[in-house]
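Please open the structure in a viewer and keep the selection tool at hand. The stops below name what to select and describe what is found there.

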Amino acid sequence: MKTHKIAVLPGDGIGPEVTDAAVKVLKAAEEKSKTYKLDLVYGEAGFNCIAKYGTNVPPKTIELLKTTEACFKGPMTTPEEADAPPSAALTIRRLFNLYANVRPCFTLPNVPSVKPGIDLIIVRENTEGMYSNIEFELEEGLAVALRVISRNASERVARFAFKLADQRKKHLSYVHKANILRRTDGVFNRAVLNVAKEFPNVQVDDFHIDAMAMELIRKPEDFDVIVTTNLFGDIISDEAAQLVGGLGVAAGANIGEKYAMFEPVHGSAPKMSGQNKANPIAAIFAGKMLLDYVGEKDAALTIEKAVFRVLKEGRVLTYDLGGKARTDEVADEIAGKIGSVKQGQR
Ligand code: NAD
């Protein structure tokens, strides 16, 4: 039997609550499948580590991650002082070169959606752009940030996005602001069009970022795969999450050549921490994406079906979806459905 060694970083705020929920569902799927095992190894990272270790991703956690196939990461609070450590997610993405941030967005049963039939994926370049971490304060009241865009990183993420589009509805939209950011988005756009030659079956179109922000609300059902640079992707993927039910149901993957990290899109929601009321579905979908990545596609689909069934029934939902259920009650309900959903095709 195959064993997948997976690192689990529960994080802080609501992180540990939603991570426990996701682990419960992952364990139920593992038990049903009987064809693989998960070896879950827990590590420390996040805000609480800063006082203890002087960093939010301690060296022993990095060593732990290196021994695993993939990582499940809960949300973590990031301090905003200029000299504070960068976000733990950013550090892990950089260390493991997780260059593609993948955020699926699809209409869910019984969950208010701007339009029916939304099924799109945003692929965001994850290693450079406005998040290159090169900022200077030239003098009091005057600061500069550098937006680094390279052909190599742009082609790498474009190729990832084209491959995905090729397996889906064969439509790729790239998003930029080349009318203003002529040099940086010039590099990005030329890279995308270069890679497009390798995928003649994929229809390609492009949008300015401001137009895309509008189109996502006007006709989201028209999109398949959207690829863009780091900051633009960060913003439109939260917008896209809201189209289909909000942050409580949105998950993301950070994929590199040799490693990947999966996380709910939402943050640590400190005000909700310890109340057992956060929606665990985003974290559960992150777990589902992790199973897909390690090749356990049937188990991943089983989790998706169990979530859909609980949403369809509409009895056990958290506050953000109009219900009164607690985090652990939703997790128990979904885990409980795993045994009775059919494996295989959707
Ligand atoms: P947030 O996602 O924590 O909260 C935004 C809103 O969404 C809040 O109203 C919150 O109550 C709600 N929300 C979030 N998760 C929810 C869930 N599971 N169920 C129901 N409602 C939910 O964003 P924020 O307030 O901007 O950030 C809080 C902290 O989280 C900050 O320190 C930020 O840096 C950090 N953060 C971390 C990550 C990460 O670890 N990947 C991502 C985003 C933000």
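**A buried arginine and its partner**

Begin by selecting arginine 124, which counts as buried because its relative accessible area is 3%. Here buried means under 20% relative accessible area, exposed means over 50%, and partly exposed lies in between, with a 1.4 Å probe and protein chains only. The model is a predicted one, in which local features need pLDDT of at least 70 and side-chain atom pairs count only at pLDDT 80 or more, while totals for chains, interfaces and linings use all residues. Residues are numbered from 1 along each chain as its sequence is written, and side-chain values use heavy atoms, with hydrogens and water left out.

Aspartate 234 and arginine 124 form a salt bridge, with their closest N and O atoms 3.4 Å apart. The aspartate lies in helix H8 (residues 230-243) and the arginine in strand S5 (residues 119-125), so this pair ties together parts that are 110 residues apart in sequence. Helices (H or I, at least four residues) and strands (E, at least two) are DSSP runs, numbered from the N terminus. Aspartate 234 is partly exposed, at a relative accessible area of 22%.

A salt bridge is a side-chain nitrogen of Lys or Arg within 4 Å of a carboxyl oxygen of Asp or Glu. By this rule the count is 28 salt bridges.

**A second pair**

Select aspartate 210 and lysine 177, whose side chains meet in a salt bridge of 2.9 Å, N to O. Aspartate 210 belongs to helix H7 (residues 209-218), and lysine 177 to the loop between strand S8 (171-176) and helix H6 (182-196), so the pair ties together parts that are 33 residues apart in sequence. Aspartate 210 is partly exposed, at 45% relative accessible area, whereas lysine 177 is buried, at 17%.

**Helix H4**

Move to residues 88-95, which make up helix H4; six of its eight residues are buried. Which residues of H4 are buried? They are Ala88, Ala89, Leu90, Thr91, Ile92 and Arg93. Asparagine 97 follows H4 and has a positive phi, near 55°.

**The cysteines**

Finally, consider the disulfides, a disulfide being a pair of cysteine sulfur atoms within 2.5 Å. The structure holds zero disulfides. Cysteine 71 is in none, and the nearest cysteine sulfur, that of cysteine 49, is 13 Å away. Cysteine 71 counts as buried, at 0% relative accessibility.
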